[in-house]
Amino acid sequence: MNYWDQEKECMPREELEKLQLRRLKETVYRVYAFVPAYKEKMDDIGIKPDDINSLEDIKKLPFTTKQDLRNNYPFGLFALPMSEVVRIHSSSGTTGKPTVVGYSKKDIDTWAELMARALVSAGASKHSVIQNSYGYGLFTGGLGIHYGAEKIGASVIPTSGGNTKRQIMLMQDFGSTVLTCTPSYALFMYEVMDEMGIKPSDLKLKSGVFGAEPWSENMRREIENKLEIDAFDIYGLSEIIGPGVAIECPFKKGLHIAEDHFIAEIIDPITEEVLEDGQHGELVITSVTKEALPLLRYRTRDLTSLNRIACDCGRTHVRMQKVLGRSDDMVIIRGVNVFPSMVESVLLNIPGVEPHYLLVVDRKGNLDQLEVQVEVSEQIFSDEVKKLEELGALINKELESALGVATRVRLVEPKSIERSEGKAKRVIDKRNI
Ligand code: DLL
C-alpha cells in the first residue's frame with residue numbers, strides 16, 4: 001500500500017482524536033479572538049472557548065453557512081490580516097456575489113500536503129505524468145491539484161480545462177499517465193478522442209482523479225471502460241480548502257476525510273440534529289488547522305454518510321460515502337426528492353443510452369413536472385421509430401420504479417446535450433424563470 005504520510009494517515013484513532021481536540025480548541029480560541037462574526041455568534045448562544053473540552057462539545061458550537069460567508073463578503077471571516085494572506089480563491093455562485101476564501105503560506109502548504117496524500121492514495125508517484133485539466137484560476141481545482149502533484153515530484157502538465165483536441169494531442173505526445181478533471185469532462189475527452197481516431201491503447205493513461213461534481217458508480221464504470229483506466233473519486237470544497245478534503249483509496253469503499261485537519265459530522269439538514277455514523281444527511285466540516293479562514297461546523301449542503309470502520313488499506317481516517325448530491329441540486333417532484341446522480345445511475349444501466357443527460361423541471365398548472373432528456377447512441381438513433389419508442393418506454397419504467405415518481409423521458413440526438421469542460425450542468429429549473 002502506498003501512503004504519502006503513513007504516520008498521519010494511519011494514526012491510531014485515540015491519538016488522532018487527541019490531536020483533533022487540541023486543534024479544535026486552538027481554532028475556537030482563535031476565531032473567538034480574531035473574527036468578530038464568530039465572537040458574536042458564540043456570545044449569542046452563550047458559548048465561550050473554555051466550554052470546549054471534548055470532541056463531543058463540538059455540538060455546542062454554532063454552524064457556519066454559505067450565507068455567513070456572503071454576509072461577510074469578501075474578507076470578513078478571515079482570521080488573519082491581509083498582509084498574511086498569500087492567495088485568494090472563490091467559488092462561482094450561480095447568483096450574486098461569489099464565495100471568497102483566503103490562504104496563509106501555511107494553509108497553502110497544508111493544502112499541497114493533502115493533495116499529495118490524495119494523489120498517492122490514487123496511485124500517483126514521482127514517476128507519474130499528471131495532466132491537470134481542472135480549471136486554473138479562481139476555481140480551486142487547477143492550482144490545488146497542481147501544488148500536490150509537484151509536491152510528490154510528478155511531472156505536471158497544467159493544461160487547465162478546454163481546447164480539448166489540443167489536450168488530447170498533448171496527452172498522446174507527452175505520455176500522460178494520470179488525468180485529473182471533472183468526470184463529465186473526462187467523458188467529453190473520450191468522445192473527442194474517438195472523433196480524432198485515437199484509441200485508449202494509443203495513450204499511456206492509467207488512472208484518473210475525478211471530482212468537483214457528483215458522479216455515480218455507474219458513471220465510474222462507464223469512464224473506466226471507455227478510457228481503460230482506474231478512476232478515483234476526490235472531494236473538496238473551496239470554503240474548507242479545495243480539492244483534497246477527502247480521497248478514495250484503492251479499495252474504493254468511501255473517501256477518507258483527512259481527519260487530522262478536518263472534523264466531520266453528519267446532521268439532519270432540517271432539524272440540525274447530529275446523526276449517527278451510517279445515517280444519511282448533510283456533511284458538516286470544521287477545519288482545525290486553517291489559519292486564514294478557519295470555519296466552525298460549515299454546512300456543506302452535500303449529502304452523504306460516515307463510516308468509521310477500519311479500512312483494509314490501513315488508513316484510520318473516517319470514510320464518507322460517495323456524495324449523492326448537493327441539497328441545492330435536489331429536485332422535489334410532487335414531494336419526492338430526486339437527485340441527478342440517481343437518474344444517472346438508472347440511465348447508465350440501460351444499453352443504448354449515452355452518459356449525457358439533463359433534468360428539466362417545469363410547472364404545469366400546480367403540478368411540477370420532470371423531463372429527463374437522454375442522448376441515445378448513433379445506432380439506436382438511426383433505428384426505426386418503433387425501437388426508439390420501446391427504449392423510451394423502458395427508460396420511463398426504470399426511472400419510475402427507481403425514483404418513485406413519474407417522469408417524462410425525451411430521447412435526444414447524439415451529441416445534442418451541451419458538453420462540459422468543468423462542472424456539468426445537470427438541472428434546468430424553468431419554474432423560476
Ligand atoms: O469543486 C473543489 C474540487 C476541485 C474538488 C477538484 C474536487 C476536485 P467548489 O467549486 O467550491 O470546490 O465546489 C464544491 O462541489 O460542495 C460538492 O457539492 C461538489 N463536489 C466536489 N467534489 C465532489 C465529489 C471544488 N467528489 C462542491 N463528488 C462541493 C460530489 C463534489 N460532489
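Which domains does the domain assignment of the chain give? Domain 1 covers 1-326 and domain 2 covers 331-429, with bounds that come from an automatic or database domain assignment. Keep in mind that this is a predicted model, where local features need pLDDT of at least 70, side-chain atom pairs count only at pLDDT 80 or more, and totals for chains, interfaces and linings use all residues. Residues are numbered from 1 along each chain as its sequence is written, and side-chain values use heavy atoms, with hydrogens and water left out.

- The C-alpha centres of domain 1 and domain 2 are 30 Å apart.
- Domain 1 brings 26 residues to the contact and domain 2 brings 18, where contact means heavy atoms within 4.5 Å.
- Together the two domains bury about 1800 Å², with 52% of that on carbon and sulfur atoms; buried area is the accessible area (1.4 Å probe) that two parts lose on being put together, summed over both.
- Glu191, Asn218 and Leu324 supply 26% of the area that domain 1 buries against domain 2, more than any other three residues.

**What holds hands across the interface**

- The rule finds 2 salt bridges between domain 1 and domain 2; a salt bridge is a side-chain nitrogen of Lys or Arg within 4 Å of a carboxyl oxygen of Asp or Glu.
- Glu191 and Arg419 meet through their side chains in a salt bridge, at 2.7 Å from N to O.
- On the side of domain 1 that touches domain 2, helix H8 (183-195), helix H9 (217-227) and strand S15 (325-326) each supply at least two residues; helices (H or I, at least four residues) and strands (E, at least two) are DSSP runs, numbered from the N terminus.
- H8 gives the largest share of that side, 6 residues.

**Around the ligand**

- Of the 21 residues around the ligand, Asp233, Ile234, Ser238, Asp302 and Lys423 come nearest; a residue counts as near if one of its heavy atoms lies within 4 Å.
- A polar backbone atom of Ile234 is 2.6 Å from a nitrogen atom of the ligand.
- For Glu213, a backbone N or O atom lies 3.3 Å from a ligand nitrogen.

- Tyr73 and Pro74 are joined by a cis peptide bond, with omega about -10°.
- Pro74 sits in the loop between helix H4 (66-71) and strand S1 (87-91).

Note on methods: A polar contact is a pair of N or O atoms within 3.5 Å; within protein, one must be able to donate a hydrogen and the other to accept it, and residues adjacent in sequence count only if both atoms are side-chain atoms.
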